[in-house]
Amino acid sequence: MGSQDVLKSASALASYNVLLQVMFRLLTFFLNAFTLRFVSKELIGVVNVRLMLLYTTLVFLSREAFRRACLSGEGVGRNWRQVINLLWLTLPLGCLWGVLLVCVWWWLLQAPDPEAVPHYVPAVGFFCLAALTELLAEPLWVLAHTHMLVRLKVVAESLAMIAKCLVTVVMVVSAPDWGLYIFSAAQCVYAGFLLLCYIVYFLQFLGSEEAKMKSFPLDHVSQLLPTRMNGQPLINWKLATLTWSFFKQSFLKQILTEGERYVMTFLNVLNFGDQGVYDIVNNLGSMVARFLFLPIEESFYVFFAKVLERGQDVRQQKQEEVSIAADVLECLLKLVLLIGLIITAFGYSYSYLALDMYGGELLSSGTGPSLLRCYSFYVLLLAINGVTECFVFAAMSKEEVDRYNLVMLGLSASFLLLSYWLTWLFGGMGFILANCCNMGLRIMHSLIYIHRYFQHSVHTPLSGLHPHPALLIVLTMSFVFTAFSERMLCCDSGWLLRLVHVTVGAVCLLGVVIVAFLTETRLVQFIRTQLLPKYSKKDT
């Protein structure tokens, strides 16, 4: 598959992932708004912080390193039987992590009040079971991503999320006193549907004409299971070594990603009710980051890993592919920077209104609006870091990955200390400030690496971080106008003035989009031809 074909497939994957994440976030958005009217904020805190932390920790530590290694471009001509054997190690690894984490969650962490949050102990077991069920689909997930079966993930995760939402809504309405059993059942249904969709797809795909056209390396279901091969090692030891390097890194990355949840869970700096409110604000603030930036990062990591040769000097690689990678990186940086700046400029003036409409006085009173305003700046850092680390992780050699693990170790330790100290000083705001500091350091490291990577070439992809001056002026004016509008019109003077305030923001946003369209023509062309495949097809 040529670099242009890989780029088209990665772009299509990013587009589908964005649509998928939009649906996920919207469903979760309305689901939280609905469940807030039937369950307590303490229950929301236990589910969204304590139990989901168990789930994400178990799944991430069991599979992330395998994904990174097996999606690497080093796999050209690899033996897929060995790769599948390696991927099946995620399940026993998950079982080991599951036993350890369940023991911690049962006996070391403070259990919630059984009157306010019933059925905590069995819920921990059910969430662990759901995580192990999802790990069963890992070999199929890697095969699908490697061979660009972009629609499979969309369909599978869509059906699983819809099933989860239906179970949650029905049980919350019909049996609200079941407490954590409701969310445990919903999570198990999600994992089960996800696994079932992948199994059904590959049962009909393997051996089909479509598989032959795609030159799919397997042709029978039995080849998806671990097997011993005569005269060959059971696994690819070079890939296993790379997996170990990524495993050490993933452990640290998980602490950085979910650091505030670990601090809340293990250090008890906030009670379960405050954790619930913080988590809702956090989810609301990160909606755009999760449904837009994360799919782009995941999809274009596949592109960079396939186009670039890991650990090779830029002068020793195919210059056509290096040029494509540099152009894509520049456009991606400019795209996420623009989105992040828009969120920062408008988030300040519309945080209070958004929280008041979503959760009423429960969220808009107290520190909620301040948390969301601070989060709007954090989204800008998330945007830049996602793309820069996406490139860096795809280009690093094994030795560089090992060295970066030491950097991540330092960042993890500093983050935990900083978040505890800042939370003690500023409450929930401290978590966001600590995340901003660590994200800034990670961005700095990635920018230095990218600069050195391209310093012996004619390419300057970091110029994507320099938006047009006219665009910066319009964004600054929009920030001033909307802040003045909020002070004068929002939000205690009735719905009519609120509507006027929203109109002011809409007009300012339209102005920003028009200026971006006129000044960033190269970015607009990239979006139309790569991230919006349907438009590209119409043009051709």
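How do the residues of the lining of the second largest pocket divide into nonpolar, polar and charged?

Guide: The model shown is a predicted one. In it, the lining of the second largest pocket divides into 13 nonpolar residues, two polar residues and no charged residues. This pocket has a volume of about 280 Å³, and its lining consists of 15 residues. Nearest the centre of the pocket lie Phe251, Ile255, Tyr262, Phe266 and Leu416.

At least two residues each are supplied by α2, by α4 (90-108), by α10 (237-257) and by α11 (259-267). The largest share comes from α4, which gives five residues.

In general, side chains of opposite charge can pair when their charged atoms come close. The count for the model comes to 13 salt bridges. One of them joins the side chains of arginine 63 and glutamate 134, with 2.9 Å from N to O. Arginine 63 belongs to helix α2 (residues 41-70) and glutamate 134 to helix α5 (residues 120-135), so this pair ties together parts that are 71 residues apart in sequence. Both partners, arginine 63 and glutamate 134, are buried.

Another salt bridge is formed by the side chains of arginine 67 and glutamate 138, at 2.6 Å from N to O. Here arginine 67 lies in helix α2 and glutamate 138 in helix α6 (residues 138-146), so the pair again ties together parts that are 71 residues apart in sequence. Arginine 67 and glutamate 138 are also buried. Taken together, Arg63, Arg67, Glu134 and Glu138 are linked in a network of salt bridges.

A further salt bridge connects the side chains of arginine 68 and glutamate 64, with 3.1 Å from N to O. These two residues are four apart in helix α2, which means that about one helical turn separates them. Arginine 68 is buried, as is glutamate 64.

Glutamate 138 leads on to helix α6, where it is one of the buried residues. This helix is mostly covered, for nine of its nine residues are buried. Besides Glu138, the buried residues of α6 include Trp141, His145 and Thr146. Methionine 148 follows α6 and has a positive phi, near 55 degrees.

A positive phi is also found at histidine 119, which is not a glycine; the value is about 65 degrees. Histidine 119 is located in the loop between α4 and α5. With a relative accessible area of 30%, histidine 119 is partly exposed.

Valine 480 is a residue of helix α19, and its relative accessible area of 46% makes it partly exposed.

Definitions and conventions. Residues numbered from 1 in each chain as written. Predicted model: local features only at pLDDT ≥ 70, side-chain atom pairs only at ≥ 80, totals over all residues. Heavy atoms only, no water. Salt bridge = Lys/Arg side-chain N within 4 Å of Asp/Glu carboxyl O. Buried < 20%, exposed > 50% of the residue type's maximum accessible area, 1.4 Å probe, protein only. 1 Å grid on protein atoms, 1.4 Å probe; cavity = no way out; pocket = protein on both sides within 12 Å on 5 of 7 lines; lining within 4 Å. Points joined across faces, edges and corners; volume = space filled by probe spheres on them. Nonpolar A, V, L, I, M, F, W, Y, C, P; charged D, E, K, R; others polar.
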